[in-house]
Amino acid sequence: MSKETMQSAIDRAQHVIEQQASEVAKTAMRQRYHFMGPCGWINDPNGLIYYKGKYHFFYQFNPYSGFWSQMHWGHAVSDDLLHWEHLPVALAPSEIYDDHPQGGCFSGSAIEKDGDLYLVYTGTANNGNGFEQTQNVAMSVDGVHFSKCEGNPVIEPPEGVPHDFFRDPKVWEHEGLYYLVCGAQRDGRAQALLYRSKDLLHWEFFNVLFESRGEWGFMWECPDFFPLGDKWVFLCSPMGIGERTTVYFVGDFDYGTGSFTYTVTGEADWGFDFYAPQTFQDGNGRRIMVGWANGWDWMPFWKDWGPTWREGWCGSFAVPREVRMNDDLTLSIMPVDEISTLRSEMAVLPPTIRLGEESTTLRVGDGVAYELGFSIDLMQTDAASIHLNLRQHDDRALVVDFDLAHARMSVNRDKADEWSKGTSRSPLSVQGKEKLDVILLSDQSSMEIFVDGGRVVHSMNVFADNEHNGISMYAKNGDAVLVDVKGYGLDAV
């Protein structure tokens with residue numbers, strides 16, 4: 001028998017949330033329009049689903065402090081992906097298969113069946129054999145209150161798969177059968193295992209959907225698998241391949257064999273703070289992607305999760321993004337259109353700006369929470385590079401460099417704040433193009449940069465106070481022309 005029922009564990013967590021949430025909401029580093037938990041630590045988005053006319057976000061959640069520990073599932077609902085109502089905690093550690101004090105209810109996904117809402121998640125335990133991971137199911141008839149199903153665990157690690165590398169199930173339905181892909185490891189190499197079921201409770205192993213030969217790391221966290229057009233996309237956060245945080249593979253899937261073969265691969269985000277994304281299809285048929293805006297201490301660029309733990313919280317989600325397929329089978333990943341509803345004042349900016357070596361300053365909103373968009377007119381630009389200083393104050397700034405001469409881009413946060421470090425880099429496609437469009441979304445503790453219609457994205461946390469509100473830009477070795485320049489303050493209230 002469990003020492004504590006799930007309901008008593010949820011009640012205990014809710015009591016802490018009620019005590020802390022109102023004070024945490026007032027703290028200095030809280031995001032203004034990005035999704036956050038009411039208090040405590042959050043990481044991976046879980047169970048993203050459009051259910052009975054509302055968007056549901058579940059998420060990895062430690063309500064007791066601003067650090068990772070025993071995981072619960074937080075829960076919130078929204079009508080527009082931007083304004084959220086926090087509901088009671090959906091899952092809490094309570095059973096022998098999910099009560100590890102440094103584990104709990106790990107990541108997973110959600111699906112509707114016969115009008116009810118099911119959560120499929122990884123339970124973590126230690127029954128004398130080290131860190132054990134299994135797949136489990138919980139169900140709700142009202143979409144708010146959940147019960148763990150009898151018969152859990154429903155899937156245990158197969159032979160040859162270490163029991164501490166078997167997690168993060170993503171579930172979907174096809175022609176009356178349910179399918180589930182799960183991250184695993186075999187012989188030190190990453191695998192995605194495919195299962196199928198008639199009822200969500202009894203699963204059979206189908207095939208190794210996809211596996212690394214070593215070039216794609218030793219574990220794929222939070223695998224996602226979904227159709228887009230007439231192709232399939234496998235999405236994951238790989239462990240063991242340097243600075244990649246989220247990669248995608250585009251190819252073909254055969255329901256008859258359960259095998260996936262890819263032809264194109266790319267980066268969903270080149271920045272340092274976009275991890276464990278999950279996608280879902282909403283009521284309008286859009287494929288929406290949501291990722292955790294942070295990273296782990298085992299990453300080569302990691303330095304610190306920032307100062308927000310002192311305020312009683314840590315972690316937020318990047319803005320929801322729509323995923324679309326390009327003709328060359330690469331992905332374009334852009335902010336959802338709903339972002340435009342947050343616009344407040346329109347900045348007074350010239351629609352065309354000519355840049356030289358002398359710095360040009362701009363004012364958009366309060367310089368902290370804003371949207372700035374422009375296109376680099378490549379036909380009128382002969383500069384070798386364009387440089388942006390964002391969230392600038394004294395010698396502090398996040399530095400963005402568009403190196404047009406070498407068709408690459410970088411975002412340097414070494415001097416953005418005292419907690420972060422590292423420079424993210426990506427290629428840029430400029431040859432044969434007339435313009436290169438750029439959208440910046442700045443919030444209290446983050447910067448997201450979308451370039452070339454979302455073919456290139458960089459997401460970075462920036463833990464700067466309100467004095468860090470400067471925006472300046474200049475060109476090197478020639479002149480640059482920016483057109484279609486627009487800016488807005490952004491406000492979620």
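These are legends for close-up views of a predicted model. Residue numbers start from 1 along each chain as its sequence is written, and side-chain values use heavy atoms, leaving out hydrogens and water. In this predicted model, local features need pLDDT of at least 70 and side-chain atom pairs count only at pLDDT 80 or more, while totals for chains, interfaces and linings use all residues.

**View A. Leu372 in the largest nonpolar core.** This core (buried Ala, Val, Leu, Ile, Met, Phe, Trp, Tyr and Cys residues joined through side-chain atoms within 4.5 Å) has 56 residues, and Leu372 and Phe402 have the most contacts inside it. Strand S25 (residues 370-377) gives the largest share, four residues; strands here are DSSP runs of E, at least two residues, numbered from the N terminus.

**View B. Lys170 meets Asp224.** Their salt bridge (a side-chain nitrogen of Lys or Arg within 4 Å of a carboxyl oxygen of Asp or Glu) has its closest N and O atoms 2.5 Å apart. It links strand S9 to strand S13, with the two residues 54 residues apart. Both Lys170 and Asp224 are buried (under 20% relative accessible area, 1.4 Å probe, protein chains only; exposed is over 50%, partly exposed in between).

**View C. Glu448 and its partners.** Glu448 sits in strand S31 (residues 446-451) and counts as buried because its relative accessibility is 2%. Its side chain makes a polar contact with that of His34 (2.5 Å); such a contact pairs N or O atoms within 3.5 Å, within protein one able to donate a hydrogen and the other to accept it, and residues adjacent in sequence count only if both atoms are side-chain atoms.
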